[in-house]
Amino acid sequence: MKIAFTGKGGSGKSTLAALFVGHLRAAGRRVLAIDADVNVHLAPLLGVTADREAALSHPANVTAVRRHLLGTNTLVGGVERFVATTPPGPGSHLVALDATDPVLSGHGVALDERTHVMHVGTYEPEDIGGGCYHGHLAILENLLSHLRPEQDDWVVCDMVAGTDAFANSLHAQFDAIVVVVEPTPESTTVARRYHELATAAGVADLLFFVGNKVVDDVDVDYLRRSLEAAPLTVLGSQPGLRRARQEGRCPLPADLDDASPLQVIAEHVRPADGGRRTARLHELHFKLAQKDWVRSAHGDVSGQVSRA
């Protein structure tokens, strides 16, 4: 399963993603946790130092990962012709959630033999005035499209806040998208907008709301009215989480007054239709291939999609 956590900045999406990783680890699942937020919160919440040189978007790592993914796939035309939406094809190397996989062992931090953490990276001083975080996310799009988790494996991604996932192919990469929502006008506005865009992109059925920092039934009713839908589950205000952070500890499901919402989320997720997802990703690739800047930098990349 591939699941993304998103929502308005400050909604608690990174903390919830970290707690969900802890829940899956306790259940004995193999997990790849990916910190894709420009603010880089998930990795530290899991006890991982997000070093610049280890970031997926570091140029050396981008080249190394793409070289591995390329394998013997002649449709791509070489590492330098990878674009964000380049799909796997004949001869591509797919990434498994195995400790011996070259991408996991070379670019992830192992919490144990079944759990690895990666981070995309953030802005660096040399990016000031000339960089865009969407460019950093291209390698994440490549990784996700080449990931093939086995049954009971989980990929958990802490996404950029807001609706940025619709600027690229990230919205089409997951089996489920969790929009974390606080009972405030600002947070519910972002959640509704996310749902509108998901509907337009054809992935609304993969999206669900999770209420966070809920105090009472008034908050739950507010979420239901504002979202025009009941949240899948809700988490209350959690003093245990606050104490964990104040003490410098990583948050764990045991810090929650009630950890059952994590199980509710896990039980709700089902594999997305693989054929539909592939068709959507190919559609997005052809759309990107028509961009003038792509043609100028990479040539015609439309032939990277296998017709077999």
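The model described here is predicted, so local features rest on pLDDT of at least 70 and side-chain atom pairs on pLDDT 80 or more, while totals for chains, interfaces and linings use all residues. Residues are numbered from 1 along each chain as its sequence is written, and side-chain values use heavy atoms, with hydrogens and water left out.

Two packed helices are described by the angle between their axes and the distance between the axes. Axes are lines fitted to C-alpha atoms, for helices over the stretch in contact, and the angles run from 0 to 180 degrees between N-to-C directions. Helices are DSSP runs of H or I with at least four residues, numbered from the N terminus, and strands are runs of E with at least two.

Helix H7 (residues 185–201) packs on helix H8 (residues 217–227) at an angle of about 40 degrees, and their axes lie 10 Å apart. The two helices are therefore oblique to each other. Their crossing is right-handed; a crossing has this hand if the near helix is turned clockwise from the far one by less than a right angle, and is left-handed if anticlockwise. On the H7 side, Pro 185, Thr 188, Ala 191 and Arg 192 meet Tyr 222, Leu 223, Ser 226 and Leu 227 of H8. By class, these residues comprise five nonpolar, two polar and one charged. Here Ala, Val, Leu, Ile, Met, Phe, Trp, Tyr, Cys and Pro count as nonpolar, Asp, Glu, Lys and Arg as charged, and the others, Gly among them, as polar.

Leu 227, in helix H8, has 7% relative accessibility and so counts as buried (under 20% relative accessible area, with exposed over 50% and partly exposed in between, for a 1.4 Å probe and protein chains only). Leaving aside residues up to four places away in sequence, Leu 227 touches Val 181, Thr 188, Ala 191, Arg 192 and Phe 209, where contact means heavy atoms within 4.5 Å. Its C-alpha atom is separated by 9.9 Å from that of Pro 183, 44 residues away along the chain.

Attention now turns to H3. The twelve residues of helix H3 (residues 59–70) should span 16 Å at 1.5 Å a residue, in agreement with the 16 Å between its end C-alpha atoms; the expected span is 1.5 Å times one less than the number of residues. Asn 61, Val 62, Val 65, Arg 66, His 68, Leu 69 and Leu 70 are buried in H3, and the buried residues pack against helix H4 (102–107) and helix H6 (138–146). Just after H3, Gly 71 adopts a positive phi of about 55 degrees.

The axes of H3 and H6 come within 11 Å and cross at roughly 25 degrees, which makes the two helices roughly parallel. Val 62, Val 65, Arg 66 and Leu 69 of H3 form this contact with Ala 138, Ile 139, Asn 142, Leu 143 and His 146 of H6. Asn 142 counts as buried, at 0% relative accessibility. Beyond residues up to four places away in sequence, its contacts include Arg 66, Leu 69 and Phe 82.

How values were computed. Angles under 35 degrees count as roughly parallel, over 145 as roughly antiparallel, 65 to 115 as roughly perpendicular and the rest as oblique.
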